[in-house]
Amino acid sequence: PTYPVASQIWSAFRHLLRNHIHLLYSRHVDQLILCTIFGVCKMMKLVPEITFTKIVEVYRDLSRNSERIISHISLKANGKKCQTTGNIIHLYNQVYVPTMKKYLLHNKSLEASSLILKRCKADEKESLLGKRHLDDATRLENSFHQQINGTNIFLKSSTGGDKTHDKPAGVYEWDSMEPKTRVLYNFSRGSAKEIALINFTVRSTDRPYPNVKNITP
């Protein structure tokens, strides 16, 4: 699903341009965009967390002048006394947050988008758990129906508390048969002649399939 993160970042940046244009004085526009990306992502509590370190790493890959833009920034703000230059984190903590704090904390659209994101993540987790349970069930089913290597013999274990052992010998659960099944043998009820047939087939898979009448236990 597409989350409303990007639209909220640009909404916050438009708010900055309309109401706090002074933040751009003596600064590069990218510096404020990076601060806005971090501020919005932090408020929306993205998982995995979007840290300033990650943002800076990506920005360095995109911009040739990234080091100058990230590390040498004017921190003067409305005549307040503070260090004159610093890095992008100093700018965020000392200048950006005091100015944009009210917007980030109380904007209704940002708050709604955060709730949407939280619900989407919960739905994703539920869907993933459902798929995982389905995969586990499929693996479990496959584990009860395995082919012996090099033969056309399949072993299928009974599941769900099968009580067919109470039935007379020779009576099978025919719904366990498949269209290509020629012989069905139950190890808890089968006769000696039938197990001899299974043994003969396993030992000589290249020979024609024998008739059960011609096999002696």
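**Helix packing and a buried histidine**

Colleague: In this predicted model, is His-20 buried or exposed?

Modeller: The residue to look at, His-20, sits in the loop between H1 and H2. Its relative accessible area is 17%, and because a residue counts as buried when that value is under 20%, His-20 is buried.

Colleague: Which residues is His-20 in contact with, leaving aside its neighbours within four places in sequence?

Modeller: The loop that holds His-20 runs between H1 and H2. Once the neighbours within four places in sequence are left aside, the residues in contact with His-20 are His-15, Thr-99 and Met-100.

Colleague: How many residues of the contact of H1 with H2 are nonpolar?

Modeller: On the H1 side the contact includes Trp-10 and Phe-13, and on the H2 side it includes Ile-33 and Met-44. Among the residues of this contact none is charged and 2 are polar, while the number of nonpolar ones is 13.

Colleague: Which residues have the most contacts inside the largest nonpolar core?

Modeller: This core has 35 residues, and among the elements that give two or more residues to it are helix H1 (5-19), helix H2 (29-44) and helix H5 (88-106). The residues with the most contacts inside the core are Ile-88 and Tyr-96.

Conventions: Residues are numbered from 1 along each chain as its sequence is written. This is a predicted model: local features need pLDDT of at least 70, side-chain atom pairs count only at pLDDT 80 or more; totals for chains, interfaces and linings use all residues. Side-chain values use heavy atoms; hydrogens and water are left out. A nonpolar core is a set of buried Ala, Val, Leu, Ile, Met, Phe, Trp, Tyr and Cys residues joined through side-chain atoms within 4.5 Å. Buried means under 20% relative accessible area, exposed over 50%, partly exposed in between (1.4 Å probe, protein chains only). Helices (H or I, at least four residues) and strands (E, at least two) are DSSP runs, numbered from the N terminus. Contact means heavy atoms within 4.5 Å. Ala, Val, Leu, Ile, Met, Phe, Trp, Tyr, Cys and Pro count as nonpolar, Asp, Glu, Lys and Arg as charged, and the others, Gly among them, as polar.
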